[in-house]
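Student: I'd like to go through this model and test each label against its definition. Can we start once the structure is up?

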Amino acid sequence: MLIMPPSTSLPEWVVPPPEGFVAEDLDHIPDLPAHTELIDGNLVFASPQRRFHQLVIHRLHVELEGLVPTEHEVVQRMSVKLAPRQRPEPDLFVLGPDALIGPDVTCFQAEDVVLAVEVVSPDSEERDRKRKPVLYAEAGIPHFWLIEEINGKPVVHVYSLDPVTEVYVTTGVHYDRLKIPVPFDIDIDLTKLCKSRTR
């Protein structure tokens, strides 16, 4: 629920158009909060991140930077256009070599993404586990990781797109180490992703 002070007028975008918003609207709505997503034509606003979420995404980004093939790129805090009314912001994703990457790009196309990653957060649990995987699969993104926190540690559920059914199938659940051959050779010590610095 959006609560505004009594003296403040509500921005026009608080009330969506009857048909919902489209992906391009995110580039033109004035004063839209940073990292707003579009899911099913509805605006979804970012909540403050937990320390676990921030650590895992930051350190996973660093790890993947050292593993991605030439001309691939690891991206975070940007959105992906999946369909006319779908423009979510994965926690992390990897672009393939044909992606258009320029200084004025505000989002990327689904066909350019080879891997999408979501870290489950309490406020977005339903979207992370249920809605977003369906949207990524329907858009043809070949690989998807869902990261859960179990006993304070990251657990990575790895999925690949079945080309026949066009849905994700699980290929493994990884606890201490993520070692897989696709979408490229990956070997990551998961225990290091959320280890806090000792004083």
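Student: What makes glutamate 166 exposed?

Tutor: Exposed means over 50% relative accessible area, buried means under 20%, and partly exposed is in between (1.4 Å probe, protein chains only). Glutamate 166 has 53%, so the label is exposed. Glutamate 166 sits in the loop between E9 and E10, and its phi is positive, about 60°, although it is not a glycine. Most residues other than glycine have a negative phi.

Student: And why is histidine 35 called partly exposed?

Tutor: Its relative accessible area is 25%, so histidine 35 counts as partly exposed. Histidine 35 also has a positive phi, near 65°, and lies in the segment before strand E1 (37-39).

Student: What do these values rest on, by the way?

Tutor: This is a predicted model, where local features need pLDDT of at least 70 and side-chain atom pairs count only at pLDDT 80 or more, while totals for chains, interfaces and linings use all residues. Residues are numbered from 1 along each chain as its sequence is written, and side-chain values use heavy atoms, with hydrogens and water left out.

Student: How do you know how confident the predictor is about the chain?

Tutor: pLDDT is its confidence in each residue, from 0 to 100. The mean for the chain is 91, with 92% of residues at 70 or more. Over residues 1-7, though, pLDDT is below 50, and this stretch has four contacts (heavy atoms within 4.5 Å) beyond near neighbours in sequence. Where pLDDT is low, the predicted coordinates should not be read in detail.

Student: What makes E3 and E10 edge strands?

Tutor: Strands (E, at least two residues) and helices (H or I, at least four) are DSSP runs numbered from the N terminus, and two strands pair if DSSP finds at least two bridges between them. The open sheet runs E3-E5-E7-E8-E9-E10, with mixed pairing. E3 (73-75) and E10 (168-174) each have a single partner strand, so one side of each has no neighbour in the sheet. E9 (residues 153-161) and E10 pair antiparallel over six bridges, and valine 156 has histidine 174 in E10 as its bridge partner.

Student: Why is the pair of tyrosine 136 and phenylalanine 144 called tilted?

Tutor: Rings of Phe, Tyr and Trp (its six-membered ring) pair if their centres lie within 6.5 Å; planes under 30 degrees apart are stacked, over 60 edge-to-face, and the rest tilted. Here the centres are 5.7 Å apart and the planes are at 50°, so the pair is tilted. Tyrosine 136, at 0% relative accessibility, counts as buried, and so does phenylalanine 144, at 1%. Ring pairs link Tyr136, Phe144, Tyr159 and Tyr168 into a cluster.

Student: How do you know that the length of H1 agrees with its number of residues?

Tutor: The expected span is 1.5 Å times one less than the number of residues. The 15 residues of H1 should span 21 Å, and its end C-alpha atoms are 21 Å apart, so the two agree. Among the buried residues of H1 are Phe52, Leu55 and Leu64.

Student: What makes E11 and E12 a hairpin?

Tutor: E11 (residues 177-180) and E12 pair antiparallel over four bridges, with five residues between them. Isoleucine 180 stands opposite isoleucine 186 in E12. The loop between E11 and E12 holds proline 183, which is joined to valine 182 by a cis peptide bond with omega about 5°.
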